[in-house]
Amino acid sequence: MSTELNVLTPEDTAPCCGPGCCDDTAAEAAEPATQTAAATPQTDAAIKAAVREKYAQIAVGAASSCCDSSACCGDDISMIGDAYDGVEGYVAEADLSLGCGLPTEYANLQPGHTVLDLGAGAGLDAFVARRIVGEEGRVLGLDMTQEMVDKARANAQTLGYDNVDFYLGDIEAMPFDEGTVDVVISNCVLNLVPDKKAAFAEMYRVLKPGGHFCVSDIVYQGQMPEAVKRSAELYVGCVAGAMQREAYLGALQEAGFAEVEVVKGRVIDIPDEALQQVLGPAEREALRQSGSAVLSVTVYGVKR
Ligand SMILES: C[S@@+](CC[C@H](N)C(=O)[O-])C[C@H]1O[C@@H](n2cnc3c(N)ncnc32)[C@H](O)[C@@H]1O
């Protein structure tokens, strides 16, 4: 499998990342450090509660991942995700512009496979997977936000799929038996999970021997300022919970996975509109000069 690394320019990417990113009052904040401290979730439970609350709002339409204006999201690219143009099985109602890649593209899905989509949201990638695994296969979606599970189930019902099921549960403690899944996929979720070691161990546990995963996620290279990492808004919008790329790949190997490989990656240029919520002008410039970067990666690995 070849490794691609494309640089995403500001023209290509949305100048914000996630719910709340385009809140005018936050964007105009003159004292970012004070705002950050007030918004920082302190514990794993608090982080999960904040994540759940944000995605519940998105699921019921009370918040969006981006602004409506053209200054935010481009027409053909959603948030920081890949375009699904022409992808068979794409369902517009399931696309809430929350992804950061296209994991099914590299997941080597085959007819008859049992596929598990972690943090399935409204079912975007689960339905693409269903198109490939067919009626003989099975797709399971897992999400900890009830409103997302409800939306995904409603979508599945509308589509008439009886082999696509969505479950409420936590990736850190999955409600599935050991060795029951052929392929695990996920799109822009694992960065949100506080205990990634537990998440990777659970991925390993539920996969059959010889099974594999293909996940799109956010990681970073270099050093990311604590202010960025800790910002609740950016966390929910996929940045502050991200791990360093090498540590992420190492943790997957420590969980037992072999042949761990970044099959696609690109740099995400976070625009000032998002960074100014947590960093002052000098800090933003220092960040830009440092070579540190936020990356979207799609990672593949095998359970031997
Ligand atoms: C950025 S959205 C991505 C949704 C979907 N994969 C997509 O691309 O449209 C993250 C989703 O992961 C879910 N999530 C976050 N942390 C989770 C966890 N620990 N366990 C299960 N679901 C989680 C959220 O509820 C949310 O629906």
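The following legends describe close-up views of a predicted model.

**View 1. The protein as a whole.** The secondary structure of the protein comprises 11 helices and nine strands. Of its 304 residues, 47% count as buried. Among contacts with a separation of 6 or more, 80% are accounted for by residues 24 or more positions apart.

**View 2. The largest nonpolar core.** In soluble globular proteins, nonpolar side chains tend to be buried together. The largest nonpolar core of this model holds 77 residues, and the members that touch the most others are Val183, Val184 and Val239. Strand 6, which spans residues 207–221, contributes the largest share of this core, with seven residues.

View 3. The ligand has 22 residues around it, of which Gly99, Gly119, Gly121, Met144 and Thr145 come nearest. By kind, the residues of this shell divide into 14 nonpolar, five polar and three charged. Helix 3 (44–59) supplies at least two residues of the shell, and strand 3 (138–143) likewise supplies at least two.

**View 4. Strand 3 and its burial.** Strand 3 is largely enclosed by the rest of the structure, because six of its six residues are buried. Both of its faces are covered. On one side lie the buried residues Arg138, Leu140 and Leu142, and on the other the buried residues Val139, Gly141 and Asp143.

**View 5. Strand 3 between its pairing partners.** Strand 2 (residues 114–118) pairs with strand 3 in the parallel sense over five bridges. Within this pairing, Leu116 stands opposite Leu140 of strand 3. The chain passes from strand 2 through helix 4 (residues 124–133) to strand 3 in a right-handed β-α-β crossover. Strand 3 also runs parallel to strand 4 (residues 164–168), to which five bridges join it. Here Leu142 stands opposite Tyr167 in strand 4. A right-handed β-α-β unit is formed by strand 3, helix 5 (residues 146–159) and strand 4.

**View 6. Asp182 in strand 5.** Asp182 is placed in strand 5, which covers residues 181–187. Is this charged residue, Asp182, buried or exposed? Asp182 counts as buried because 21 C-beta neighbours lie inside 10 Å, and the cut-off for burial is 20 or more. Leaving aside residues up to four places away in sequence, Asp182 touches His113, Thr114, Val115, Lys208 and Gly211. Gln110 is 72 residues from Asp182 along the chain, yet their C-alpha atoms are separated by 9.5 Å.

**View 7. Two residues with positive phi in one loop.** Ser97 lies in the loop between helix 3 and strand 2, and Asn108 also lies in the loop between helix 3 and strand 2. Neither residue is glycine, but phi is positive in each: near 60° for Ser97 and near 50° for Asn108. Ser97 has 17 other C-beta atoms within 10 Å and is therefore partly exposed. Asn108, with 14 other C-beta atoms within 10 Å, is likewise partly exposed.

**View 8. Phe200 in helix 6.** Phe200 belongs to helix 6, which consists of residues 196–206. Why does Phe200 count as buried? Phe200 counts as buried because it has 24 C-beta neighbours inside 10 Å, against a cut-off of 20 or more. Apart from residues up to four places away in sequence, Phe200 touches Ala251, Leu252 and Ala255. Phe257 is 57 residues from Phe200 in sequence, and the distance between them in space is 9.0 Å, C-alpha to C-alpha.

**View 9. Strand 9 and its two antiparallel partners.** Strand 9 (residues 293–302) is mostly covered, with eight of its 10 residues buried. Strand 6 runs antiparallel to strand 9 and is joined to it by 10 bridges. Strand 8 (residues 258–268) also runs antiparallel to strand 9, and eight bridges join the pair. Val299 of strand 9 takes part on both sides: Val299 is the bridge partner of Val215, and Val262 stands opposite Val299.

Definitions and conventions
Residues numbered from 1 in each chain as written. Predicted model: local features only at pLDDT ≥ 70, side-chain atom pairs only at ≥ 80, totals over all residues. Core = buried A, V, L, I, M, F, W, Y, C linked by C-beta atoms within 7 Å. Buried ≥ 20, exposed ≤ 12 C-beta atoms within 10 Å, placed from the backbone. Helix = DSSP H or I, 4+ residues; strand = E, 2+ residues; numbered from the N terminus. Near = placed C-beta within 6 Å. Nonpolar A, V, L, I, M, F, W, Y, C, P; charged D, E, K, R; others polar. Contact = placed C-beta atoms within 7 Å. Pairing = 2+ DSSP bridges. Right-handed = clockwise from strand over helix to strand, strands pointing away.
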